[in-house]
Amino acid sequence: MKTDLDMTLYLVTDSTYHTEETFYKTIEEACQGGVTLVQLREKNCGGREYLEKAMKVKAITDRYQIPLIIDDRVDVAIACDAAGVHVGSSEAAKKAYEDGADYLGVGAIFPTTTKVVTIRTSVETLNEICQSVPIPAVAIGGLNDGNMDILKGGKMAGVAVVSAIMKAEDPKAAAARLKEHVGELRG
């Protein structure tokens, strides 16, 4: 995967709250609103269904020149010509870097509704990780426009969100507002 990706506003998808139509519409509007990277995360899809969704999402992200990352499925990432694959790791950040990781997702900064078990990560730990490895790290976990000020002055490459866009009534406006807010936080 390329390490020069713009991770300012990293959308991790969640189709749980959507029909097929609203799922793709939400992603499209988020791209229009300024999302800089999209990860397709489908924990409950079989291979064929995952690939079909990946191809449809890739068509959307390609229209906006936004890289697509596939969660956990190298085969799907290759088949749809994604920019990369996200593989979760419970190892320490330095170990992940030494093992060849291109970027890190660090969190959960706040409790999240997308995972059953949430282990909180302090902002201090996030900043320590950002300073200890030479690869980009994004803050993730329950972040939204109303609570991300806690990251002000942090060294993160960006912020990854799920519900802040996937549950928004106006995903385009939510993405635009979030992207602007992340820019303010990074100074």
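This is a predicted model: local features need pLDDT of at least 70, side-chain atom pairs count only at pLDDT 80 or more; totals for chains, interfaces and linings use all residues.

**A close look at helix 5**

Modeller: Happy to. In helix 5, which covers residues 123-132, the buried residues are Val123, Leu126, Ile129 and Cys130. Looking down the axis of helix 5, you will find these buried residues within an arc of 120°, so they line one face of the helix.

Now let us step back to the chain as a whole. The protein chain has seven helices and seven strands, and along the sequence they follow the pattern β-α-β-α-β-α-β-α-β-α-β-β-α-α. Its radius of gyration is 15 Å, close to the 16 Å that the globule rule gives for 187 residues, so the chain is as compact as a globular protein of that length. Along the principal axes, the C-alpha atoms fill a box of roughly 40 × 35 × 30 Å. Of the 187 residues, 48% count as buried. Among contacts between residues at least 6 apart in sequence, 67% join residues at least 24 apart.

Helix 7 has 16 residues, 171-186, and reaches 22 Å from its first C-alpha to its last, close to the 22 Å expected at 1.5 Å a residue. Its buried residues are Pro171, Ala174, Ala175, Leu178, His181, Val182 and Leu185. Seen down the axis of helix 7, they fall within an arc of 130°, so here too the buried residues line one face of the helix. What covers them includes strand 1 (9-12), helix 1 (20-33), strand 7 (158-161) and helix 6 (163-166). After helix 7 comes Gly187, whose phi is positive, near 75°.

Not counting residues up to four places away in sequence, Glu29 touches Asp170, Pro171 and Lys172. Pro171 is also one of the buried residues of helix 7.

Next, the aromatic rings. A search of the whole structure finds two aromatic pairs. Tyr10 and Tyr103 form a tilted pair, 5.8 Å centre to centre with 55° between the planes. Tyr10 lies in strand 1 and Tyr103 in the loop between helix 4 (93-98) and strand 5 (104-106), so the pair ties together parts that are 93 residues apart in sequence. Both partners are buried: Tyr10 has 2% relative accessibility, and Tyr103 has a relative accessible area of 10%. The other pair, Phe23 and Tyr24, is edge-to-face, 5.2 Å centre to centre with 70° between the planes. Phe23 is buried at a relative accessible area of 1%, and Tyr24 is buried at 12%.

Finally, have a look at a few loop residues. Cys80 is in the loop between helix 3 (74-79) and strand 4 (84-86), and this cysteine is buried, with a relative accessible area of 5%. Leaving aside neighbours within four places in sequence, Cys80 is in contact with Leu51, Ala54, Met55, Lys58, Leu68 and Ile70. Cys80 and Ile70 are ten residues apart in sequence and 9.3 Å apart in space, C-alpha to C-alpha.

Asp81 is in the loop between helix 3 and strand 4, and at 58% relative accessibility this aspartate counts as exposed. Its phi is near 60°, a positive value in a residue other than glycine. Gln65, in the loop between helix 2 (47-63) and strand 3 (68-71), also has a positive phi, of about 55°, although it is not a glycine. Gln65 is exposed, with a relative accessible area of 66%. As background, most residues other than glycine have a negative phi.

Notes: Residues are numbered from 1 along each chain as its sequence is written. Side-chain values use heavy atoms; hydrogens and water are left out. Helices (H or I, at least four residues) and strands (E, at least two) are DSSP runs, numbered from the N terminus. The expected span of a helix is 1.5 Å times one less than its number of residues. Buried means under 20% relative accessible area, exposed over 50%, partly exposed in between (1.4 Å probe, protein chains only). The arc is that of the directions from the helix axis to the C-beta atoms. Contact means heavy atoms within 4.5 Å. Rings of Phe, Tyr and Trp (its six-membered ring) pair if their centres lie within 6.5 Å; planes under 30 degrees apart count as stacked, over 60 as edge-to-face and the rest as tilted. The radius of gyration is taken over C-alpha atoms; the globule rule is 2.2 Å times the number of residues to the power 0.38.
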